[in-house]
Structures are given as structure tokens and as C-alpha cells.
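Work through the exercises below with the sequence and the structure in view. Each task is followed by a solution in steps.

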Amino acid sequence: MSEHYDVIVIGAGLVGATLAAKLALGEAGRQWRIAVIEAGGPPQRFENHQFDPRVAALSPASQKLLQSIDCWANLEAERVCPYRAMEVWDGEGTGQIEFHAEDLHSDILGHIVENSVTVRAVRRRLAELDVTVIQPARVETLLKSEQPGQPVRLTLDDRRRLSANLVVAADGAQSRVRELAGFATREWSYRQRAIVTTVRTEEPHNYTARQRFMRTGPLALLPLRRRTETGWDAHYCSIVWSADTALAEELMALDEQAFCERLGRDFEHRLGAITDTAQRLTIPLHQRHARQYIQPGIALVGDAAHSIHPLAGQGLNLGLCDVQVLAEELERAVRRGLSSGDYSIVRRYQRARLGDNLAMMGAMEGFKRLFGNSNPPLTWLRNTGMSGINQMPLAKNAIARRAMGF
Ligand SMILES: Cc1cc2nc3c(=O)[nH]c(=O)nc-3n(C[C@H](O)[C@H](O)[C@H](O)COP(=O)(O)OP(=O)(O)OC[C@H]3O[C@@H](n4cnc5c(N)ncnc54)[C@H](O)[C@@H]3O)c2cc1C
């Protein structure tokens, strides 16, 4: 016997867990049976003096979505760091651009949040809602619906059999569902690795996110803070250092002191010396994009549909935009009395998201190539362009609003 659901979400990372919670809180939650399948265990917990090396810059639009499922307060209670300004500069030229929240009549441009903090907060919220969470369990087989309206069938690694009118794959960049369902995917390696860790800096970060572009890849220092008896210690940053593979290997081989010195130098000592570093992790960088996000009874969201270079910190924000749109379409469908497997729902979702995601991926690719080039006319163009835009408040604010998700 198989258990049947209206919607099964595969993967309870931030994207999948947020989608399930959003659905459960609406009319879908009252009328439909919803399940989530998660392969992993609970996210690691980091003490006050440690940070998760994996962080994301969450846009105000993503914050709003997390507020709509009553999660943001839990997240803030644990630990988030707002940033009010952003500085981006060309490490091999003179171009520089700065964004300030007050220019946009806002208090913040976004928040840096540790991945384990967000996932824990959303999963905790999910546990309070009418959603069946099956964990730990991994999807092993998938049988597509042969005719419109027929359910998709799944088998889990504990041999449980499930069926659903709609299966949503939120199982990340290496999506097993995408593979089992045979979605064609464009994929290539950037031939870069991201080195991530937490560092302590001599100067406080002043709630500013900073990124220096180099030919070998961008280096970002994203502000973090730690609670102390008297307030916040704002001398911590999460680094995302995207570097060509050979350089990444060289950086990983350095001992702690040599790494701190190299990082300080390559960051032009904008925050003084780097006084301490935690353990470094390295992540290979790929661009992947499914050519289609949907098949009858199946939809891809988040990194299962698209993963991009972290240089603009937009991957997760795009995934949460997918969630917002798919949840709205499903909510509209349930109110109209449609089945969750009705193909028109996922078609509308794909129409709304595919072009937007492709545009962002194209922009990231353009940035990467522009800054990865030492050709003198291009160097001149990017420096003049960056500094020129910095003097044009309207253009600059339009870029910032796009990054904020508005
Ligand atoms: C270095 C780096 C920095 C980044 N910085 C930013 C940033 O600043 N801002 C931003 O917006 N984005 C950023 N990103 C992108 C962001 O991390 C991803 O877009 C985001 O984590 C994707 O979330 P997801 O929920 O789609 O997938 P994941 O977080 O990968 O979650 C997938 C979930 O599915 C589960 N799963 C996998 N397979 C199965 C299975 N077969 N059955 C059941 N469950 C399964 C996994 O256990 C996991 O919980 C960054 C990425 C990198 C690499």
C-alpha cells in the first residue's frame, strides 16, 4: 500500500521547508495532505563563539517571505547580522561602487544569516504545522505519471511507497528527483572553488558587506556579529573567496597565519589585519540550469532547478522567489477547486520564473567574464563603468532594488 498526498516536497533545505510551511499556512494546508521528505539529520548547532562557515545574504524580499511564515523572529533571536552598506571594487583597477541603505530610504540592504540558523528556524516552524515530515529518508525511485491527472509514485530508501498529485523537487544542486525524472540540464564548471570560513578582523565591519573583484575570482567579506555581555562584537566576517582551482589549492595549503596574512593583503587591509580564522571549507563552483522546470506532476525549485556563482549572493534568494510564485499558484488553484496535479499550475509557475532566473544567471556569467579578463580596453570599460554608475543615483538605486528583490 502506498500513502497518498496532494503535494510531496523532496528536501527540507531552506527552499523546500519554506514552501511546505507556506502551503500549510494557507488554504492548501486546510484542504490538502502535504508531506516533506528530508534525507539529512538536524543542522549542526554552532555555539556563540563559533559560526557556521556557510552563510547567505538574504534580501529584504526573502526576509518578508520568512516573516509571512512567522519564522523571522526565531531567526533574529538566534543570530542574524544586518548590513546597511555594500562596497564593491575592482582589485585590478580603480572602479568602485557603493550602496547605502539610506539612499533607498531603508534601514538595511539585507541580512547575513548562517545556513544552519535559517534551516533550523524553518524546520522548527514546520514541526508546528499540519505537514507530515518524513526524515531521515531518501527518494530512491520515481515513476512518472503516465497520463495527466495520474499521481507520481515514489519509493524511499526505507522501502516506503508514496504517491502524490504533485512532487516538488527541492533537493538541491545534485537533485536526485531531477535525475530520476530525466530533466535535461545545462551544466558547466566555473573551474573555481569557493573557500568559506569565518575570520576576525582588526577593524569592526561597520555593518558593511564588501567584495573585491580579482582576475582569479571575487573575494567577499560579509559581516557577522557575536553577542557579548555588553552588546555585539562586530569584528567577525564570513569570507567567500572564489578562486581559480590552482589558487584555491594554494590557499587551502597555507597554515592559519599565512592564510590570514594573504587574506589581509588581498583584501587591501580594508578591515586592518586578519587576526584569526576558523577552519576553511572548499566548495567546487558549477553553473547548472534545468532546461524546463516542470513535467506533469513534477516541479523543480531552488538549486534543483538552478545554481549560480555566489558572486552576487543571489542563489538562495532566487530559490525563495520560486517558492513565493509556486505557493501563490497552488493557493490560487486550491481556491478554484483544482487538483494540485493540474498542469496549468506548474506551467504558470515556470512561465513566471524561468526567464527571470535565466536573466540573473546571464548577468552573473557576464560579471564573471568581465572581471576574469585582463584585456586593457575591458579593464578600462569596467572601471569607468563602475565609477560612472557610482555617480548616477537613479541607475545605482535600480541595481540595489533588484538585488533587494523589489
Ligand atoms: C559559497 C556559496 C555562497 C553562497 N552565498 C549565497 C548568498 O549569499 N545568498 C544567496 O541567496 N545564496 C547563496 N548561495 C546559494 C545558496 O547556498 C543555495 O542557493 C541554497 O542553499 C539552495 O537551497 P536549496 O534549499 O534549494 O538546496 P539545499 O540547501 O541544497 O537543500 C537541499 C535539501 O534536500 C535534501 N536532499 C537531497 N537529496 C535528497 C533526496 N534524495 N531525498 C530527500 N532529501 C534530499 C538535502 O539533505 C537538503 O536538506 C551560496 C552558495 C555557495 C556555494
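**Exercise 1. The shell around the ligand**

How many nonpolar, polar and charged residues does the shell around the ligand have?

*Solution.* The model is a predicted one. Step one is the sorting by class: 16 residues of the shell are nonpolar, 11 are polar and 5 are charged. Step two looks at distance. There are 32 residues around the ligand, and those that come nearest are Gly-11, Gly-13, Gly-172, Gly-302 and Gly-315. Step three traces the shell back to the elements of the chain. At least two residues each are supplied by α1 (14–24), β3 (55–58), β12 (185–201) and α9 (315–335). The largest share, 4 residues, belongs to α9.

**Exercise 2. Helix α1 beside helix α5**

Determine how α1 and α5 are oriented to each other, and list the residues that meet.

*Solution.* Begin with the geometry: α1 packs with helix α5 (residues 115–127) at an angle of about 25°, and their axes are 9 Å apart. Angles under 35 degrees count as roughly parallel. The two helices, α1 and α5, are therefore roughly parallel to each other. Next comes the handedness, and the crossing of α1 and α5 is left-handed. Last come the residues. From α1, Leu-14, Ala-17, Thr-18, Ala-20 and Ala-21 take part; from α5, they meet Thr-118, Val-119, Val-122, Arg-123, Arg-125 and Leu-126. By class, this contact of α1 with α5 has 7 nonpolar, 2 polar and 2 charged residues.

**Exercise 3. Helix α1 beside helix α9**

Repeat the analysis for α1 and α9.

*Solution.* The axes of α1 and α9 cross at roughly 25° and come within 9 Å. This makes α1 roughly parallel to α9. In handedness, α1 passes α9 in a right-handed crossing. On the α1 side the contact is made by Leu-14, Val-15, Thr-18, Leu-19, Lys-22 and Leu-23. On the α9 side it is made by Leu-316, Gly-319, Leu-320, Val-323, Leu-326, Ala-327 and Leu-330. The residues of the contact of α1 with α9 divide into 10 nonpolar, 2 polar and 1 charged.

**Exercise 4. The chain as a whole**

Which radius of gyration would a compact globule with 406 residues have, and which does the chain have?

*Solution.* First count the elements: the chain has 12 helices and 20 strands. Then take the extent: along the principal axes, the C-alpha atoms fill a box of roughly 65 × 50 × 45 Å. For 406 residues, a compact globule would have a radius of gyration near 22 Å, and the chain has 22 Å, so the two agree.

Methods. Residues numbered from 1 in each chain as written. Predicted model: local features only at pLDDT ≥ 70, side-chain atom pairs only at ≥ 80, totals over all residues. Near = placed C-beta within 6 Å. Nonpolar A, V, L, I, M, F, W, Y, C, P; charged D, E, K, R; others polar. Axes fitted to C-alpha atoms, helices over the stretch in contact; angles between N-to-C directions. Parallel < 35°, antiparallel > 145°, perpendicular 65-115°, else oblique. Left-handed = near helix turned anticlockwise from the far one by under 90°. Contact = placed C-beta atoms within 7 Å. Rg over C-alpha atoms; globule rule 2.2 N^0.38 Å.
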